[in-house]
Amino acid sequence: MLKTRILTALVLLAVLLPVLFFQYFPAFVVVATLFFGAAMWEAARLFGLKLAPLFAAVCAGAFVYGMYHAKPGAVGSLFGVCALLWAIRFAPSLGLGLPPLQGAANWTLGVTFAFALFGCFYAIVALFQHSPAFLLSAMALVWVADIGAYFCGKAFGKRKLAPTISPGKSWEGALGGAAIVLVMAAVTIVAAPAAPWLQDTFAVRLQAKMGWLATLAILLLMVAASIAGDLFESQLKRRAGMKDSSQLLPGHGGVLDRIDALIPVLPMAALIGSWL
């Protein structure tokens, strides 16, 4: 299993890194659309949609069309609506539970989650168009929080964060991951004046515009959002009786399993980035 995970990760890096750093937009569109379509297919399955491949294909076509034809103001509004959806619909469901897998409430939730996926992938496009470093640094905040939470949870975890959704997660892990993100961001900001390659990263740009206090508060909010995204996808999988969203990425599960924590965070980062 470990060899499979490593091989899959190396293949993904071999595909994604050249696309990011050569900044050839048509190639980026192709890769982003493939991942978006896969995420939509997995989401449709989690919500019990029988025509999942057709749904994913239609959404992928709409995604490409919107990438070239959507007005900037409409895309910016999409990011704001996504942030609102996570605040008033998805995050509360972690305590209130999900509707049954059949029925109007399930389809309504499915449509809103599809909307959130559109927001996440359009945010990837917006952050990439700013710069690859800006996109990767926003993603890195989520990855560092997740890795930090895992190791802090293993070392210190006692109080379960969401025992009925994801028994392995703890409050100690979540707080440890958040602390590591803040330390990493602070080090990056302090080091940036002497390291030009750090100056277009998310935390550095945020601190330059909004100051230390607002930066730390926003980063904590983003970490909290990443935890909500992770738990919400776990909740969807538990309801659907699935261990992974799919097996598209051998050793890693599905696309949604890799981006779940990014889904609420990246629209927020793109919205903030538009202010910066």
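At 9% relative accessibility, C59 counts as buried (under 20% relative accessible area, with exposed meaning over 50% and partly exposed in between, for a 1.4 Å probe and protein chains only). The model is a predicted one, where local features need pLDDT of at least 70, side-chain atom pairs count only at pLDDT 80 or more, and totals for chains, interfaces and linings use all residues. Residues are numbered from 1 along each chain as its sequence is written, and side-chain values use heavy atoms, leaving out hydrogens and water.

So what about disulfides, meaning pairs of cysteine sulfur atoms within 2.5 Å? The count is zero. For C59, the closest cysteine sulfur sits in C82, 13 Å away and so too far for a bond. C82 is buried too, at 1%, and its own closest cysteine sulfur, in C120, is 8.5 Å off, again too far.

C82 belongs to the buried set of helix 4, along with V75, L78, F79, L85, W86, F90 and S93 (helices are DSSP runs of H or I, at least four residues, numbered from the N terminus). Helix 4 covers residues 72-96 and bends by about 45 degrees at W86 (the angle between axes fitted to the seven residues ending there and the seven starting there). Among the elements covering its buried residues are helix 5, helix 8 and helix 10, through contacts of heavy atoms within 4.5 Å.

Terms used
Disulfide = S-S within 2.5 Å. Helix = DSSP H or I, 4+ residues; strand = E, 2+ residues; numbered from the N terminus. Expected span 1.5 Å × (residues − 1).
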